[in-house]
Amino acid sequence: MLELTLSKYLVKRIYTFLLTLGAIIGVACLIIILSLFYNYYLSSEKVFMGIHPHIEIHKDMTDQESLKVIQYVQQQIPEIENIQPALYLQARAEISEVNRTKAFCVQHDGNMLCHSRVDNVNELHTRYGFHIIKKQTIDIMVKGICLGNNVPVMDFQKLINGGTNLNRIEQYEDTNQNPLPWGFYLEQGLFSTLSGYFLIHFKGIEDRKKQYWLNGVLDMGTKKGKYPLMIMSLKSARHSLKKKDFVNTIEIRIKQPYNADKVSQKIRNLLNNKDFLIENWINKETASFTFLTIIKWMIFAIVFSISIVAAISIFSTLYLTVLENRKKISILKALGMKDSSIYIIFLLKTLNIGLISTVFGCLLGYYGSYGFIYFFKESLEKLGLENPQPHISMNDISIVAVCTIGLFLLTAIIPARNAVKIDPIEGLNQ
Amino acid sequence: MDEFMINVSNLNRTYNLIEGKQLVSRQHIFRNLNFSVKRGEFVAVIGPSGCGKSTLLNIIGSLDSIGNKNYAKIHQSCEKDKEIKIPEVEGDGAVFVNGQDIRLLKGANKARFINQNIGFIFQFHHLIPELTAVQNIALPMQINGQSKKEAFKAAMNLLIEMDMEKHANRKPDILSGGEKQRVAIARALVNSPHILLADEPTGSLHPQFKKDIINLFIRLNHEKQITIVMVTHDVDSLYNEQKNLMITSLFPLSGSPVSPVTGKKADDKTFN
């Protein structure tokens with residue numbers, strides 16, 4: 001193609017090289033940002049799906065009522081993988097991290113408590129003392145859940161630091177049928193320990209503290225709810241919060257989490273009762289997703305400024321090229337070259353730079369992501385990116401390619417127009 | 001009309017010199033100029049410097065337009081606060097090239113017409129320095145849409161014809177003046193144009209090469225029956241040793257004095 005041949009001679013090679021290099025750096029930075037942001041997205045999704053079931057049905061019900069609803073919904077909707085009753089309540093609690101020790105217990109001061117254990121066969125009294133390390137009175141969100149086949153509906157295992165034996169929350173006795181402190185999980189950050197004995201007093205519900213076992217902490221990353229989250233078994237929650245035979249939530253896990261909207265609508269149509277409030281994890285976190293998307297595109301726009309600088313360089317180079325090559329352009333016009341062909345020469349030049357910069361920029365960006373992650377892994381993990389990996393989707397590459405090439409093509413328009421307007425006689429007499 | 005390859009009738013051109021929004025002088029280059037060239041003729045346009053020879057060639061070759069252009073504002077002589085627009089270059093007339101009224105040619109049609117009908121040869125060759133000789137020659141054919149292979153083949157044939165095939169892959173900067181001009185002539189011929197317009201083709205050459213180039217043009221005119229219009233100062237080279245004119249005819253253009261504008265009312269009527 002003649003225009004392609006002539007476009008090679010339009011700008012000196014060294015300038016073409018430098019312009020392309022600048023464009024490659026711009027594209028690489030965009031790819032690195034998108035790759036890292038994808039990790040952030042994945043981490044956030046993991047947290048969202050860990051703290052929310054895919055679908056929740058809210059209504060105050062008895063055990064029997066909830067079982068009826070569960071059976072009905074499960075029969076009608078094959079997409080459901082796991083469906084369990086639950087109790088979600090917000091409560092105010094005094095939570096104390098304690099060291100438990102055997103003691104002869106005489107209560108001298110308010111900080112020493114005793115625990116008596118009575119064997120059914122014999123009267124066996126074992127007294128425990130609890131030395132309080134740290135105490136907090138806070139509002140918390142208590143979720144009392146059931147494990148179906150030892151698996152919870154919420155996918156919160158990935159959030160756990162500490163004991164991942166989830167069954168512990170449903171263990172109330174040891175093998176000798178001695179009572180065990182009830183297990184629970186608590187949001188990370190309130191206490192420094194990952195497991196241990198705790199005393200919890202639910203204010204306004206009970207008049208004394210009870211012993212619990214912290215099985216592990218939940219790493220919520222940057223996603224923190226209004227109240228810290230506490231997860232225990234449904235039985236423990238009912239007993240602690242004095243809600244016998246009471247359920248106010250049905251948790252549902254489906255096979256395809258991203259179909260939660262459709263399945264929610266199906267359930268809504270099935271139940272057809274305004275008393276049921278049906279939510280899904282996507283609805284609940286719409287604001288978060290929207291925020292993430294906005295942040296992503298804001299960062300994209302900021303980093304795209306590197307490509308804009310490269311484009312300005314291309315524009316000024318082509319503008320000067322027209323001035324330097326007036327004679328050559330006039331020769332081409334005198335030989336009968338069309339204005340459109342002259343436009344094409346300039347567009348091909350910028351297209352060439354755009355394509356090369358996109359290809360090599362994507363490669364550099366992808367491998368640059370590895371390097372970035374390697375050198376800044378700790379900092380990234382502090383930001384909430386767990387085990388970050390480079391990831392580029394075709395969508396990302398397409399967006400970067402379209403924006404970069406489109407921008408570069410725009411830079412050719414004015415210089416090309418100036419070239420077309422050259423008077424061949426004036427140009428030849430230059 | 002058809003027997004004439006080029007027919008210029010009542011061509012006028014005037015340059016208005018404007019300084020400080022005042023019309024200072026007017027230079028009439030052509031006044032009702034009539035000029036025609038039949039198919040296969042070889043006509044040399046001669047005249048003193050500044051008489052409009054190159055301008056005539058540029059107009060015929062469609063590199064310059066016939067009508068008014070480059071408008072500028074000037075004060076009206078009696079009412080200085082009023083401004084009118086006048087063209088710095090005034091012109092009118094009719095020019096037909098190979099039966100085509102070139103005033104009607106615009107845009108891509110004009111470019112195509114130039115490429116297919118006219119071969120232009122300039123005083124200073126105007127070869128593209130980054131391209132080799134064969135690439136320069138092949139350029140008009142490629143602009144015409146022909147394949148690179150065909151264009152290069154035609155270019156090589158022309159180089160062989162001009163005994164220049166060994167210079168095919170050399171760039172213009174290492175060719176002599178005469179060789180460059182031969183390459184330029186080959187470039188002008190590659191599309192087999194009907195008309196060759198040569199603007200002082202020997203002007204920048206060593207006297208040794210001038211005769212060669214003129215003889216080349218004469219040979220092309222005789223062998224290929226190409227219509228040639230050549231602007232030249234070097235009238236002597238058009239005569240042979242027997243003082244006979246070797247070409248069809250000479251067309252002299254007279255000089256064009258500059259007439260200053262004094263106390264003349266500049267108004268719309270003059271320039272519309």
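Start in chain B of this predicted model by selecting helix H1, residues 53-60. H1 lies across strand E3 (42-46), E8 and E9 of chain B, and its direction makes about 150 degrees with that of E9(B). Next, pick up helix H5 of chain B, residues 177-189. This helix packs on the sheet too, touching E7 and E8 of chain B, and runs at about 165 degrees to E7(B).

Chain B has an open sheet of five strands in parallel pairing, and the order to click through is E7-E8-E9-E3-E10. Stop at strand E7 (118-121) and strand E10 (249-252) of chain B: these are the edges, each with a single partner strand, so one side of each has no neighbour in the sheet. Going from one strand to the next, the twist averages 20 degrees.

For a close-up, zoom in on strand E8 (residues 195-199) and strand E9 (residues 227-231) of chain B, a parallel pair joined by five bridges. Select B:Ile195 and you'll find B:Thr227 of E9(B) opposite.

Then try strand E8 (residues 182-187) of chain A, which pairs with E10(A) in the parallel sense over six bridges. A:Tyr185 has A:Gly216 in E10(A) as its bridge partner.

Last stop: strand E9 of chain A, residues 196-202, which runs antiparallel to E10(A) with five bridges between them. Select A:Leu199 and look across to A:Gln211 in E10(A).

Note on methods: Residues numbered from 1 in each chain as written. Chains lettered and ligands numbered in written order. Predicted model: local features only at pLDDT ≥ 70, side-chain atom pairs only at ≥ 80, totals over all residues. Pairing = 2+ DSSP bridges. Helix = DSSP H or I, 4+ residues; strand = E, 2+ residues; numbered from the N terminus. Axes fitted to C-alpha atoms, helices over the stretch in contact; angles between N-to-C directions. Contact = placed C-beta atoms within 7 Å.
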